[in-house]
Structures are given as structure tokens and as C-alpha cells.
Amino acid sequence: MAAVTAQGLTKHFGDVHAVEDLDLDIADGEFFSMLGPSGSGKTTVLRMIAGFERPTRGRILLGDQDVTELPPHRRDVNTVFQDYAIFPHMDVLSNVEYGLRVKKVDRRQRRRRAEEALAAVRLEGYGRRRPTQLSGGQRQRVALARALVNRPKVLLLDEPLGALDLKLRREMQLELKQIQRDVGITFVFVTHDQEEALSMSDRVAVFREGRVEQVATPVELYERPASSFVAGFVGTSNRLRAETARQLLGTPGEYAVRPERLRVVPAGTSGAPGELSLPGRVTEVVYLGPTTHAIVALEDGATLTVSRPNAGNASEPPLEASDRLVAVVLHRDSLISLSGGTEKTEETA
């Protein structure tokens, strides 16, 4: 049985169609992410699941219960927000206990459950600290413990890592995924950060203008995007123009290829079986630590971004911007066909 089901879910704000005729099934125990740019409808869907927004039409089910008309406090869900919403005048344990106290759970039981929730988020021994004594990541875990202590069927997370710096955000991505595995409940996670969604999720729904473009595992999204939008939004992608495709394959079409699937070699280098090449010139080289990116201008005016790991093959020629002719080499199987939107593809760029 699905933990969350949306059937024909629609939300209009006046003339604005925030969500349109959405069908979605989220499995029990799944880490499910809703990914998309600002204004794509993902947060509105989360708020409708939580009960903070009422659908214009459609239904929401938690398990087999229709909760479309139920207020938030009668739904077996909890929400964690980006701003934490921790009470600054309470210590950590009191913050985590708060929801249980509102429900009039007896003192001994709520203390036990609060300590269990803190242990689940790896904050044992922090109960007597004040929020001001915690780091950003620790405050986020307190907010998570406060949501988990109610033992909801579904935990909703609205861009909860957005206020953290990059290093801490990456650490918390791993923490959140491990916590979800430990507690075993369904997490529904909203983000605009594709790396965050790919690194944490069992499945991802990619949103665009109030509709879902594709629901798939992270590997499927990256390797086999169902549309040109998904190919461009999930990961970095090079779009091949019709003229470039004709030069490569002898026939026009819409294709994409990932930067890491391209190689820059001296012009005239013989390729392996199945490899294709395009002549061009390196116009810019960008050092990014683990990788170096080269921008290659092709003869038809298009450009390609090539990514090379800096711990790669030392025998490869250095990437340098110059007027010297080079060849961009790729294997035929690395082309992602975007024609028709759902054709099987390998990589996108």
C-alpha cells in the first residue's frame, strides 16, 4: 500500500495554476523527493499533503484513508521547515517533548520518547542545551527529532537544509538518509537542489509548471531522462543542435550528452569502435578542484562542455585554450535521444 497517494490533485490560486491534475504514489518507507525550480508546484503539493492548503480538486490519501478534507492536526504527518521553528527559551529536550505535552502524554512517557528521538538523530546528551548553544546542523536535527517524536506515518521536509552552508548541507544529506533508514518511516522531501535529490532519494519526481515530468530513481533520471527539460535540469548537459547531430550521425535529431562522457583529443586521433568525433577549438578552461571543464567551440557555432577528472590519465594532453584544432570524442551509446520526449537515452548534457 502506498503511504501517500495523490489523485487528480489540482490547486489554483486565482488565475495561477500552481498544480494541475497530479497523480502520484509514494511507497511506504520510501525516501521520496520532489525536485524542481521555484514556482514548479512542489511546495504546494507538500502543503496540500500536510493539510495547510486545500486542493481545488482531487484527493489525497494517507494509506487507505482519504484525508483531503481533514485539518493538519488530524493527519498522521509531521512537517520540518527550513527555519527549524525551535523555541529559543526552551532547552533541547523541552523542544522535542513539546508536541507530546500538547497531546497530554504523561511526563515519564514523553521524556522516554523524547530521549529516543534525540538518540535517533544522534543528539544523545544534548537535552539540556539551549538552541543558541547548537550548530546549524544540530538545530536542524532537533527540529527533526521534534517531528519524529510523534511517530508520524509520513514526515514532510520542506527544503530543510536550505539555510546550511555547503559543507554542512552535504554532511546532513548523509545524516538524513541514514536517519530515514533507521526509523523506517516515509520521508517526502522538497528541494530545488538536484545534487541533494540524487544523493538522498529512493525515487525523485521532477516538477515543471505544476506537473510532474518524470518519476524515477536517481540513476534513471540521470541516465534516461524522459524529456529535454529533465535532461537539462538534472545534472549538467550539452544539447546537440540538429546540424551537429546530422554531422555526427548523418541524420538530424535532438540529443544530449553528459560532459563527463566527452574527451578532448588532438585533431586526427583515431577513435575506438563506436566512437564519434567533432572538430572544434578549446576556448576556455575552468579548474574546479576535482575536475577541469573545457569549453569547446564547434565549427557550426555550437559549444560543448567537457569534464575531465584531475586524477585522470596523466598521458592525456593538457586542456588549454588555443586556436589549435582538436576533436571532441564520444561513444555513440552515450548519446541521449530527446526526440519525442520519452525515447530511451543514455546520458544528457
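Contact here means heavy atoms within 4.5 Å. In this predicted model, leucine 157 touches Leu46, Val80, Leu144, Leu176, Phe187, Val188, Phe189 and Val190, with residues up to four places away in sequence not counted. The average pLDDT of the chain is 89, and 96% of the residues score at least 70.

**Confidence**
- Residues 340-349 have a pLDDT below 50, yet the model gives this stretch 53 contacts beyond near neighbours in sequence.
- Where pLDDT is low, predicted coordinates should not be read in detail.

**Nonpolar cores**
- The largest nonpolar core comprises 34 residues.
- Leu157 is among the residues with the most contacts inside this core, together with Val96, Leu144, Leu148, Leu155, Leu176 and Phe187.
- At least two residues of the core come from each of helix H2 (92-102), helix H3 (107-120), helix H4 (136-148), strand E7 (154-158), helix H5 (166-183) and strand E8 (186-191).
- Helix H4 gives the most to the core, namely 6 residues.
- Another core, of 27 residues, lies apart from the largest one and includes Leu24, Met34, Leu46 and Val77.

**Helix H9**
- Helix H9 spans residues 242-249, and its buried residues are Thr244, Ala245 and Leu248.
- Viewed down the axis of H9, these buried residues fall within an arc of 100°, so they line one face of the helix.
- Glycine 250 follows H9 and has a positive phi, near 85°.

Technical notes:
Residues numbered from 1 in each chain as written. Predicted model: local features only at pLDDT ≥ 70, side-chain atom pairs only at ≥ 80, totals over all residues. Heavy atoms only, no water. pLDDT = per-residue confidence, 0-100. Buried < 20%, exposed > 50% of the residue type's maximum accessible area, 1.4 Å probe, protein only. Helix = DSSP H or I, 4+ residues; strand = E, 2+ residues; numbered from the N terminus. Arc of directions from axis to C-beta. Core = buried A, V, L, I, M, F, W, Y, C linked by side-chain atoms within 4.5 Å.
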